[in-house]
Structure formats: C-alpha cells, structure tokens
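Dear colleague,

I am handing over the structure below, and after it you will find my notes on what turned up when I went through it. Please read them with the model open beside you.

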Amino acid sequence: MNLKISALEFVQQVQNGNISAEDFVAKTLERIQSIDDKLHAFLSVNEKAVDQARDIDKKIKSGSKVGACFGMPISIKDNMCIKDSKTTCASKMLENFVAPYDATVVTKLKEQDAVFVGKVNLDEFAMGLTTEFSAFGSSKNPWNTEYVPGGSSGGSAVSVSAFECVASLGSDTGGSVRNPASFCSVVGYKPTYGLISRYGLISYSNSIEQIGPLTRTVKDTAFMLNIISGLDPNDNTTIDNKNEDYLSGIDSGIEGKKIGIIKEMVGEGTDPAVLSATKNAISKLENLGATCEDVSLDMVKYSVAAYYTITATEAGSNLARYDNLRYGYDFSVEGYEFNSYIAKARRNFGPEVIRRMIIGGFVPSAGHAGKYFLKALKVKSKLTREINEAFKKFDLLISPTVPILPFKIGEKIDDPVSLFLIDINTVTANLTGKPSISVPFTISNGLPIGIQLLADSMNDKLLLQAAYALEQTTTLQEVPI
Amino acid sequence: MVTEEQIEHVSKLMKIDIDDHKEYVDKVQTMIDYFDVLDSADVESEEISMHEITISNLREDEYVPFNEKLIDKLNNYKGTYVRAPKMS
C-alpha cells in the first residue's frame, strides 16, 4: 500500500476500487505507530478511525451517496475542537479538556467523509514557531530529526510530510501554517481573512488568525479549500465566496501576470541559499510568461513589532477565560480567594504563554498604549494601504516564506528577538488579511526551502493557480524517513 | 525601563502567579526594546482603520438548545452552578 499518494489520488483510487478506505486508514495508523515515537507529531490518535473508514467503505459498496473525501485520513492541529475528543492546545491547562462540539471545519470535513486520524502538536496555544513551546515536547523535522519542524502548526506539517496522514489542518496567526510547511517541504495555505470559519478554533488573536490546510500538493489545498471555506452563521467574520471552485482552472498558468518581489523580504538577514532559491523561483515564473519587478512595502520593517504587540494584546484578553473554573485541571477551590485561585491555576501555563500574557498586559496599558499598541495598529493600517497600492500594479507578490533554513532544536529557544525575525516574511499577510501560500521549492543541504506567494483579498483562486504553476517547475526529492 | 514593580503590577492585572518578578524584567525588557522600532515608523498621521465587514444576512435570533449537560463536565459545580472561590 502506497501511503505517499496525494489527496486527489487517494480519492480516485478509492473511487476506482483500487484501495479501500479501511485498508488505507489502517496502514496510516500503523505508520503513525511505527514512526511517531521519532517525530512526535501526534498528541492523540483516533482509535475509532478504522471503524469510521469501514463504514464509509460500506456506503461506497452499497451505492449510497459518499462525501468528497471518501474516507481520507486527515490530521488536525490540537487547537480545533472535535466533539468528545481531547483538545489540549498543547497546554497543561487544557490537558483534560474534552470538546463538547465540532468546529465548523470539522463538521464540514465529516460531512464529506473525511476520517480524523488524530490531533497534532503545536506550540502551546499556537504561540511560537518551532513547537518547542508545546507542553508535551517538541515535534521533530522528518528531514532531519535534530531540527525543528517549524510552527506553530508543526505537528500538521510533520504528519503530512512523513506520510502519517494525507492532509492536515493548521491555523496561521503570523505564519503558523506557512512556516512549518516551508520547513517540512509541504504546501501550506493562509486564506483571505474570513474565507474559513474560525468557529471551534481556540482563539489566540482573532483579528488576524485563520485556519488553513497543509497538503502534499497545491491541487490538494484547492480541494480542501472547496470543502472548508464559506459563510458560517457561527462566525460572523466569514465572507461569502459564492461556493467558488478553487480546483477548476487551477492549471490556467500565469502568462502575462505581474509579480512584485517584496524588497524588504529579500534583504539583509536572508540566508544565501534561501535567496538563491527565491531568485531561481522568480526566473522560473518569468519563463512561464510572468513579469517580475521589485516592489517596496516600507512598513514591513515594523511589521513584526506591530504583529507581536497586537497578538500579545489579543492573547492577553483571550487567555483571561482560563480561570480553571469551567475548564482546567483538578484543583479544589476550597480555601482560596478568587484572584489568588486563578493566579495559582495559571501557573500551569508554560513560559512563553506567561511572557506573552505579561507583554499583553504591558503594551496596551495606561501610559504604554500610545507608544506600543496604538502605534502597532497604525503600522497595520499603513501596511494595508501599501499592499493595496501594490496590488493595483501587481497580480501577485513573492518572497521566501522564511528568511532562514530550519535550525536545530534548542538553538534559538532562549532568544526571543531572533525568533521574532523569522516571522518577518509571513506576518504581512495576517496583518493585511491577504491570502498567502508556501510552496515547497527546493532542498538545500538536506533542508527544505519554501517560496511564498501573496494575492489580493478574495483572489485565492488566482493565488492557487500561480502556486500550481510554480509547483510544476520543480521536482522535489522524497523525505528521507 | 521595565521595573520589578511594573512586572508585579502587570502580573497582578493578568492574574498570574510569578515567583520571581526579577526574572521577567530582562525578558520583557528585551522584547519591549525590540518594539521600540515602532518609534521610527512614520505613522503619526495614520488613521487606525478597522476591518469593516457589511453583514446583511444575520442568522435568525432564535434560541438553539444545546442538548447536553455541559455542567457535568466541570470539576467544581453544585446543582446548576459553577463553584468558584470566595470573593475577598
């Protein structure tokens, strides 16, 4: 049984009767059993996955209506709710939290007969970009297990890259889907803000975060987007995409398209290997008939500071719900005063979450708001104006997804500012609400490099067409695991 | 400059128990120092724009029952009440 097939190949093979969903899911679980000790992508595995796949096979055999996924095994970042399953956010605080309802993305995938094989690792509450801040230990990069897989959706990227599932869902607040996709050589997608419902995603920074798929191919991402996008009465930030079909016409090509190379994202601090990969990607796009030209987004220089200020503030507010009264760990209220009880319970947060809570209390507080929080919002506004201006001239923008190559586990954990700078190319899409994708492009000394493309809001379809064109220019070696 | 008193004040506001406030002075200072780059951004005249969404088709304002006793999932409850510690 070949577990290395794409989502669309899986669907076709089950439809043709070449494979059964049950066999494929069973083999996937065996694969998880045999290699996940080394990779630590999974926080929990769905013991009923094989039974669920068998039920779907029965539906296929009996000729009843079957959903578009045909029993496809999918993993999901453990900050999204699946009814009656643990949703830990990789935090001690939610170690025993069992979700009482399905996230909208989960409902939609279940309706289309996807099978969730398990919930995957992340930095605690999605705060980080390596998974090293998971309370349950770091995931490992399948390309070299001494290296970080990126984050915060690291478990998602690892599970897709190492064939422990066919596709995965992550969430992207400042690059959390695209960064691990780049580090693990898979496709990672951050849609236009509002394209995918966040109902059932545990909130971190509501104004900029989005759920996004991680897949082996660009077509698979379009396939997933067809299923999970669209209006949701339970999330009033969702937008009506009129049931757009992202897969149709994906091979339209990019002839005549204008692509802007974001100057601030290919400058100082970019690894030479990453820079040369980006130049190579640009010339390949030019060969396909696109024209590429430099464009400057001046506010990118301030984007990371603005991003951390805004996200820490929103996180400080979102984390206020963890009072250990409705959920939390078993800790009696007897003998405690209200505030001291909550403060004590919150000792269960990890160091990064505590740091961000303190920053989140500091930057919007009286005396500091003008200097930090309000200024960050102004940078966000100006950056949005700048990128809107750029999209008057260009159809797409391009940059490396991450300025550096994957690095060793532990190498940067004590240096928050050097970690900040890794986000420099990804946060712009979040702050401005634009769709953005990381396409796996090359391998340098055994470590993957991804290329990022951005498009204007609601131009997700065009973005996927360009990403598909870029993907077709490269043949990547297989992950050595 | 970030002071120990400020850390103590913010941790009280955020309701987090921290043993050693000193430990966080340097950590927060390093991060805040980096945020100072915002001072050089030319945004004084910038208006803060909000993300505007026009909502036309709001869902019906009707009660949708949740058919599960969520209270059973809590560690501390009595009847239909969440048990909380005493307010001082």
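In this predicted model, strand β2 of chain A (residues 73-77) pairs in the parallel sense with strand β3 of chain A (residues 115-120), and the two are joined over 5 bridges. One of the residues involved is A:Pro73, whose bridge partner in β3(A) is A:Val115. Between β2(A) and β3(A) the chain passes through helix α4 of chain A (residues 104-111), and the β-α-β crossover made in this way is right-handed.

β2(A) also pairs with strand β4 of chain A (residues 167-172), again in the parallel sense, here over 3 bridges. Within β4(A), A:Leu169 is the bridge partner of A:Ile76.

Turning to the two chains together, 40 residues of chain B are in contact with 49 residues of chain A. On the side of chain B that touches chain A, helices α1 (4-13) and α2 (21-35) of chain B each supply at least two residues, and α2(B) gives the largest share, 7 residues. Sorted by class, that side of chain B has 23 nonpolar, 7 polar and 10 charged residues.

With best regards

Terms used: Residues numbered from 1 in each chain as written. Chains lettered and ligands numbered in written order. Predicted model: local features only at pLDDT ≥ 70, side-chain atom pairs only at ≥ 80, totals over all residues. Contact = placed C-beta atoms within 7 Å. Helix = DSSP H or I, 4+ residues; strand = E, 2+ residues; numbered from the N terminus. Nonpolar A, V, L, I, M, F, W, Y, C, P; charged D, E, K, R; others polar. Buried ≥ 20, exposed ≤ 12 C-beta atoms within 10 Å, placed from the backbone. Pairing = 2+ DSSP bridges. Right-handed = clockwise from strand over helix to strand, strands pointing away.
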